[in-house]
Each structure stands twice: as structure tokens, then as C-alpha cells.
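Subject: Structure handover

Hello,

Here is the structure you asked about. Please open it alongside this email; my notes follow below.

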Amino acid sequence: MSGELGEAHTDLVEHVGQTQNWVAEIIERRITDPTQLPTEMAVLPTDPREWQAWLSDSAQRVASACSDDALDAPVFNPAGDERPGTRFWMSSMLNEAVVHGFDAAAAADRPADIDADVAAALISNHLAMLTSPTWGMQRPKSAHAIRGTGQTLQWLATDTTDDAGAWFVERRPDGATWQPGTQQADVTVTDPARSLLLTLTRRLPLTDREATNINVDGDTDLAQHWLDNTAHVSD
């Protein structure tokens, strides 16, 4: 294994384990005030032979934290939508498992299948986060970049039913918004939900036909601008 690949594996393991422990603490402590969010992260074991157990322990911790009595308890929801906080964090942890599971599979040169309904739910969660007031506070450059003067984008899954696989985004002057369903848009991006999710999370390129058969109808630059400015990373 090359040093670069080894470092990538280390970073991935560290990120997933730390995130699981961080979210578990938020739910366990029933944190409602964002100023009280944990500031210390779990420490990755130095011995790689301990990583599997460390990841398993952190996964079990967050699963246990999402108990029946926690599901509707007051907990901070960064998306600021109607979901109780624990339900938001459950979606976020599912996103971590699915998207970073794809990262791990890609690093190992293995296929990674994603259920269409799961992918669709994660796309909704993704867009809810990007269009939330919290995103504007934490990622102001991104929030500013995806504002606009009425430009519209339609993301459309080919393997789901009804509005569960359709997302309409509008770039307004006061911020981007989204809603389920189909409308006429400046650009429509169509593909199975798995490919849409991996494109939205920048795991697959929008226009590389060798990597995906995604169909872009309309202003490709508008869709690419959205992707270029919506990474879940610090500004």
C-alpha cells in the first residue's frame, strides 16, 4: 500500500469514528444549544489493528444513543427543519455510512451498491442541510455562492416512484430552497438515485461519461456550479 493510500485510509477511519462518537455525545447529553456542542474529538488508536474495534464501538455507541426515548426528545437539529434532532442525526449517520462506505469500497477497488430508496432519502437530507439557516452560518461562502436570481435545477431519479425521487432547487437572492416534485427548470439532471447521490456528494463527476451515464438537459454550468460550491467541508 502506498503512503498516500495509507494516509487516505487513516483519515477516513478517523473521520467516521470521530463523527460517530461526536454525534452519540450530542444525543446522549440531549444538547439543544449549538454553543454547547462537543469541542473534543475521540482519538484514533495508533495501532491500525485496533481500528476495526474502535469503529465498531463508536457505531454501537451512536446506535444505542438513538433509543426510542431519544427519537423525539429535544436535541439540536442543524438543518432547522421540522424533524426532531435525533432523527436528523440518524439520517446524517446513515449518510456517513453510505457515502464513506462508497469511499472505502472505491479505495479497495470494490463495487458499492446503494439501495435506491436509501439514496433518495439521503439526497433529501443533503439538500435540507444545504438550504438550512445553519449552513449559512457555518458555511457562508457556500451559502452565498448558491444564492441566485431565480435559477432553477431539477434532480430526477429514474428508479424511484412519485415525488420521492424528484428534487426542485431554486437559487433565490435570499438563499437557495428546495422542494420535492418536478417543475420546468434551467437544468435537469437525471440518473438512478445512487448516481445522483454520489454526484451531489462529489464522488462521481457530472460530465464524465466513463464514470456515469448521468443525463444533463439544459445549463450544465449551472449544475456544475452547484456541485462546486456545496461540499460538506470547511470554507
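Two strands count as paired if DSSP finds at least two bridges between them. By that rule, strand E2 (residues 166-172) and E3 are antiparallel partners, with 6 bridges. Please bear in mind that this is a predicted model.

Confidence first. The mean pLDDT of the chain is 90. A value of 70 or more is reached by 94% of the residues. Residues 1-5 are the place for caution: pLDDT stays under 50 there. For that stretch the model has 3 contacts beyond four places in sequence. Where pLDDT is low, the predicted coordinates should not be read in detail.

Now the sheet. It is open and has 5 strands, in the order E3-E2-E1-E4-E5, with mixed pairing. Strand E3 (175-180) and strand E5 (215-218) are the edges, and each pairs on one side only. From one strand to the next, the twist averages 15 degrees.

Back to E2 and E3. They form a hairpin, with 2 residues between them. Val 169 stands opposite Trp 178 of E3. Trp 167 faces Pro 180, also in E3.

Thr 177 is another residue of E3. How accessible is Thr 177? Its relative accessibility is 26%, so Thr 177 counts as partly exposed. Beyond its neighbours within four places in sequence, Thr 177 is in contact with Thr 131, Phe 168, Val 169, Glu 170 and Arg 172.

Compare Thr 188, in strand E4. Thr 188 has a relative accessible area of 18% and is buried, because the cut-off for buried is under 20%. Setting aside neighbours within four places in sequence, Thr 188 is in contact with Gln 154, Asn 215, Val 216 and Asp 217.

Next, the helices on the sheet. Helix H4 (residues 116-130) lies across E2 and E3. H4 runs at about 15 degrees to E2. Helix H8 (residues 220-228) lies across strand E1 (151-157), E2, E3, strand E4 (187-191) and E5. H8 runs at about 85 degrees to E1.

Which residues of H8 are buried? They are Leu 222, Ala 223, Trp 226 and Leu 227. These four cover an arc of only 135 degrees around the axis, so they sit on the same side of H8. An α-helix has 3.6 residues a turn, so residues three or four places apart point the same way. The buried residues of H8 pack against H4, E1, E2, E3, E4 and helix H7 (193-200). Asp 219 caps the N-terminal end of H8. One of its side-chain oxygens lies 3.1 Å from the backbone nitrogen of Asp 221.

Last, H7. Why is H7 described as largely enclosed by the rest of the structure? Because 7 of its 8 residues are buried. They are Ala 193, Ser 195, Leu 196, Leu 197, Leu 198, Thr 199 and Leu 200. The cover over them includes helix H3 (85-107), H4, E1, E2, E4 and H8. Just after H7, Arg 202 has a positive phi of about 65 degrees.

Best wishes

Definitions and conventions. Residues numbered from 1 in each chain as written. Predicted model: local features only at pLDDT ≥ 70, side-chain atom pairs only at ≥ 80, totals over all residues. Heavy atoms only, no water. pLDDT = per-residue confidence, 0-100. Contact = heavy atoms within 4.5 Å. Axes fitted to C-alpha atoms, helices over the stretch in contact; angles between N-to-C directions. Buried < 20%, exposed > 50% of the residue type's maximum accessible area, 1.4 Å probe, protein only. Arc of directions from axis to C-beta. Polar contact = N/O pair within 3.5 Å; in protein donor to acceptor, adjacent residues only side chain to side chain.
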